[in-house]
Amino acid sequence: MINTDWKFHKGKIKDAYSFELDDREWESVSIPHTWNNIDGQDGTIGGKSIKETDYFRSDCWYRKQIFIDNEDKDKQIFLRFQGANIQIELFVNGNSVGTHKGGYTAFSFDITPFLHFGSSNLFAVKVNNEYTEEIAPLTADFTFYGGIYREIELIKKNKIHFGFGEYSTRGIKITTPVVSQEKAQCIISTRIENKTELSKRLIVTAKIGENESLIENPYLTKTDFDKLAKNDFEEEKATEILIEPNTEKEVEFFFEIKNPHLWNGRSDPFLYSASLRVSDNENIFDEISDTFGLRYFKIDRENGFYLNGKSYNLRGVSRHQDREGLGNAITKNEHNEDFAFIYNMGVNSIRLAHYPQAEYFYRLCDCYGIVVWAEIPVVDLIGGSGTYENPNDERKEFFRTTKNQLKEMIHQNYNHPSIVCWGIQNEIMARFDDVMQPFTKELHAATKAEDPYRYTTMATNHSSASEWESDLIAWNVYPGWYGMNRKQLGWFMDKNRFERPTGISEYGAGGNHNQHQLKPKRPKHNGQWHPEEYQSLSHEAFLKSIDKRKYLWCTYVWNMFDFGSDGRNEGNRPGMNDKGLVSFDRKIKKDSYYLYQSNWSKNPMVHITSKRLKKRKRKTFFKIYSNSKAITLYINNKAIKTIHSNQNKQKGIFIFKGIKLLKGQNLVCAVAESKGSLYFDTAVFHR
């Protein structure tokens with residue numbers, strides 16, 4: 001109930017935290033909520049740049065009356081926000097409880113001292129998403145939707161409990177410092193808080209056992225694993241501690257698992273569970289649990305990514321979290337649907353760009369075996385002015401908030417086995433080289449201090465980043481869209497390999513699924529004509545280059561979905577970046593989606609391209625994307641020709657040339673056979 005029946009006011013208003021303020025005329029909203037779901041996607045008026053968008057960016061207010069029972073007065077009560085953009089201040093009963101800067105990580109407040117028990121309490125939240133030099137990102141090619149756009153949790157704890165810690169974690173940390181086929185070491189650590197006035201002798205119990213919390217995604221009907229194996233390992237350990245009043249104590253447990261069942265990507269994303277309990281001889285004060293996976297990985301400059309000792313180069317997509325008409329205020333239903341699009345395409349990895357995304361989405365990746373690149377929202381610019389050694393106040397605060405966002409991301413997502421690397425910057429401009437050389441060194445060191453078992457990485461579009469510190473690096477490069485031609489991706493990567501392992505963090509081309517041209521010429525990237533067929537030709541060329549280069553430890557299509565970028569006005573879609581493989585509203589899979597499915601998915605599929613180009617000449621050709629061994633083309637129920645996959649010039653692409661259509665309506669059907677079953681796709685064309 002905490003997320004329903006909030007009152008919302010758009011704009012600045014004096015004393016909005018006061019009981020005396022009348023909010024009956026305010027809009028009623030539910031959380032998640034954003035105030036930019038429309039104006040953040042409608043395109044900037046007057047042709048302004050991305051950095052000068054005109055969607056509403058200022059203070060907005062949320063208010064709600066919440067009754068707190070008398071029986072809760074002996075508890076400690078927290079309000080935990082899973083995400084609010086970009087900075088907030090919380091008021092409870094007219095009192096300022098605290099602030100938070102950074103729009104993409106969770107944060108919590110102990111609200112106990114401000115509550116009235118046995119009565120209603122006024123919660124008021126001021127949220128602001130306007131430009132500030134103090135908080136990353138300053139500018140970027142996506143809309144900075146304002147609002148409390150992820151869920152809020154009202155958490156009630158006994159005064160003896162597992163703490164959230166400085167970075168608002170779930171209270172349990174699971175480290176796997178040694179993992180191999182033969183054995184795994186697991187360290188479960190936590191922090192006990194005693195908020196009573198008495199010393200307490202407590203029993204803390206840790207248990208590793210079977211995981212029964214696989215997320216059932218209703219949009220997934222088939223997975224690469226038939227059924228996850230049962231866990232054959234179970235062990236429980238306990239320790240007794242004495243904790244003084246109003247103090248906290250760290251506790252750690254060590255487990256060793258022989259012949260562990262490994263988390264092995266899409267084929268076997270096996271998860272263990274870990275749980276903690278704190279009690280005395282009579283009472284259980286708190287219990288928490290989480291899942292974790294055992295895996296080991298390495299990245300080689302010549303041969304790419306290895307998972308559990310086997311070559312497993314990462315091939316996938318990038319994802320923005322927003323959706324048409326909703327902005328970034330999405331629920332588990334939208335996360336499930338997005339994940340199903342991604343999973344069904346056959347990817348084995350995803351770059352969650354350009355910010356930490358919802359906890360639930362990381363859990364989906366854990367459960368279904370998708371390897372993750374997670375990153376902080378350091379994009380384009382460094383705030384403030386001055387040198388790294390002598391920054392002005394704004395730049396000092398930018399450094400502080402960036403490092404805090406990094407630590408929040410790592411601590412809150414530490415247990416996810418899907419995450420293998422932490423991204424520390426994306427396309428910071430080369431003119432900041434004198435700052436970024438020492439700052440990336442600091443971010444790299446801070447990451448390693450928090451998590452020595454994963455890699456650091458970064459995405460760049462210029463060679464100056466070769467001097468910026470990280471374990472890994474990847475290029476954002478768009479041949480055939482922003483310079484070069486579409487067939488030069490491989491040439492560019494060979495010429496511009498870094499000394500460290502190198503991948504491709506972004507590549508792609510725009511495509512409006514309502515614009516078509518059977519043999520398109522290269523369009524202007526900032527023009528209004530972005531035919532879907534050119535996007536497909538581009539990705540065909542990109543895949544050919546990628547498949548020849550084993551050294552590419554990762555490649556990520558930009559982007560899985562069209563996304564909101566209010567400053568854009570191109571491709572006849574103002575306010576949107578149209579490089580997605582799926583439309584912004586998720587109703588249309590563009591042809592390029594099926595190209596990747598034909599190359600990456602194990603499930604039989606057939607897709608006729610350019611279906612939406614209904615009008616054809618008498619003599620035409622048809623391109624079919626399929627992972628089958630042969631395709632037979634039928635026109636008006638008559639078999640025309642069969643092509644076998646070994647006749648194709650490129651994997652997954654069947655081209656039927658010189659096909660003659662009858663005058664009027666023509667029913668086209670492409671048919672494939674796999675393991676005794678027929679798979680087909682149909683389309684209607686007119687001459």
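Predicted model: local features only at pLDDT ≥ 70, side-chain atom pairs only at ≥ 80, totals over all residues.
Residues are numbered from 1 along each chain as its sequence is written, and side-chain values use heavy atoms, without hydrogens and water.

The largest pocket holds about 840 Å³ of space. A pocket is an open set of points on a 1 Å grid over the protein atoms alone, where a 1.4 Å probe fits, with protein on both sides within 12 Å along at least five of seven lines; lining residues have an atom within 4 Å of a point. Of its 29 lining residues, Glu540, Lys623, Lys649, Ile653 and Ile655 are the closest to the centre. Helix 6 gives the most to this lining, seven residues.

The second largest pocket holds about 620 Å³. Thr169, Lys173, Ser189, Thr190 and His411 lie nearest its centre. Its lining has seven nonpolar, 12 polar and 10 charged residues. Strand 11 and helix 3 are among the elements that give two or more residues to this lining.

Strand 11 (173-179) and helix 3 (393-413) are also included in what covers the buried residues of helix 4. Buried means under 20% relative accessible area with a 1.4 Å probe, protein chains only. Among these buried residues are Val435, Phe439, Leu443 and Glu450.

Terms used
Buried < 20%, exposed > 50% of the residue type's maximum accessible area, 1.4 Å probe, protein only. Helix = DSSP H or I, 4+ residues; strand = E, 2+ residues; numbered from the N terminus. Contact = heavy atoms within 4.5 Å. Points joined across faces, edges and corners; volume = space filled by probe spheres on them. Nonpolar A, V, L, I, M, F, W, Y, C, P; charged D, E, K, R; others polar.
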